[in-house]
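Student: I have a structure open and would like to talk through how its parts pack. Could you take me through it?

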Amino acid sequence: PKDYGGWVGRGDNLLARGDLTAAKAAYEQALQLRASGSEANAGLGAALVREGSMREAIPPLDRAAKNGYAEANVWLGDAYQKLGQKDDAVEAYRAY
């Protein structure tokens, strides 16, 4: 891909197939082009949650959620829940 949308699309396809390592790399390429990109931040965070890297997932998911990307709140809630941070999880789910 040559642009942000292409890298996000590749990441989404790879994530759907369960190739978490390649999906993370694609989202990271997208973020090189647009660091604040909500779609790429949310995708990267989702891939990190799926691989069990909850603490690493929170910053990109939080960036996406704060930019108004509502779906990021679900993954953010999941990450907080798995870390045992129930109040933060409830807050994230409510924001969705």
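Predicted model: local features only at pLDDT ≥ 70, side-chain atom pairs only at ≥ 80, totals over all residues.

Student: Which residues of helix 5 are buried?

Tutor: They are A72, N73, L76, G77, A79 and Y80, where helices are DSSP runs of H or I with at least four residues, numbered from the N terminus. Seen down the axis of helix 5, these buried residues fall within an arc of 160°, so they line one face of the helix; the arc is that of the directions from the helix axis to the C-beta atoms.

Student: What do the buried residues of helix 5 pack against?

Tutor: They pack against helix 3 (38-51), helix 4 (54-66) and helix 6 (86-95), with contact meaning heavy atoms within 4.5 Å. The face turned away from the buried side carries the exposed residues E71 and K82.

Student: Switching topic, how many salt bridges are there?

Tutor: If a salt bridge is a side-chain nitrogen of Lys or Arg within 4 Å of a carboxyl oxygen of Asp or Glu, the count comes to 2. E51 pairs with K24, and their closest N and O atoms are 2.8 Å apart. Because E51 lies in helix 3 and K24 in helix 2 (residues 20-33), this pair ties together parts that are 27 residues apart in sequence.

Student: And which residue does K66 form a salt bridge with?

Tutor: K66 forms a salt bridge with D62, with the closest N and O atoms 3.0 Å apart, and since the two are 4 residues apart in helix 4, about one helical turn separates them. K66 is exposed at 68% relative accessible area, whereas D62 is partly exposed at 25%.

Student: Last one: which residues have the most contacts inside the largest nonpolar core?

Tutor: Those are L15, Y27, A40 and L76, in a core of 30 residues, a nonpolar core being a set of buried Ala, Val, Leu, Ile, Met, Phe, Trp, Tyr and Cys residues joined through side-chain atoms within 4.5 Å. The largest share of this core, 7 residues, comes from helix 3.

Methods: Residues numbered from 1 in each chain as written. Heavy atoms only, no water. Buried < 20%, exposed > 50% of the residue type's maximum accessible area, 1.4 Å probe, protein only.
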